[in-house]
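Colleague: Could you please take me through this model?

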Amino acid sequence: MGVWDFVKNAGKKLGIGKDDEEAPAPDALKKEVEDLGLDAEGLDIEVEGDKVRIKGRAKSQEAKEKVVLALGNVAGVAKVEEDITTDKAEKEAVFHTVEAGDNLSAIAQKYLGKASRYPEIFEANKPMLKDPDKIYPGQMLRIPVDD
């Protein structure tokens, strides 16, 4: 089980009329995951205030991490507690919370050793990222690890 901290007032607003003090309802969060094309089948999502709990099974470590990021990068979510199992043990990615002035090239330089490797970070965060130039402070990103 893992606990992930997010910047509560940063992230996608799901436009369901709630203020940013609480996370959106479980159905809205599940719809967000499905709208992104991520597999949420068999995952149970619960919300308590600004905390989201997710349990179940994911196809891979990458799928698990993307679901957690999709849920955590929503306005009103400050914490995601996950109890998600995968079929095989895989190396976890590294995570980076975007700060003002960050861009994917600078993040790639910091974690991957070359700014030119920014497309790897972009790919590792699809479908949440649609454009490599559109990241925002407070957003958490997956940084792929070299095997």
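Predicted model: local features only at pLDDT ≥ 70, side-chain atom pairs only at ≥ 80, totals over all residues.

Colleague: Which residues of helix H1 are buried?

Modeller: In H1, residues 26-35, these are Ala28, Leu29, Glu32 and Val33. Buried means under 20% relative accessible area, exposed over 50%, and partly exposed in between, with a 1.4 Å probe and protein chains only. Helices (H or I, at least four residues) and strands (E, at least two) are DSSP runs, numbered from the N terminus.

Colleague: Why are they on the same side of H1?

Modeller: Because they cover an arc of only 140° around the axis; the arc is that of the directions from the helix axis to the C-beta atoms. The face turned away from the buried side carries the exposed residues Asp27 and Asp35.

Colleague: How do strands E2 and E3 run?

Modeller: E2 and E3 run antiparallel and are joined by five bridges; two strands pair if DSSP finds at least two bridges between them. Glu46 stands opposite Arg53 in E3.

Colleague: Turning to Asp146, what does it touch?

Modeller: Asp146 touches Lys91 and Arg117, not counting residues up to four places away in sequence; contact means heavy atoms within 4.5 Å. Asp146 is partly exposed, with a relative accessible area of 48%.

Methods:
Residues numbered from 1 in each chain as written. Heavy atoms only, no water.
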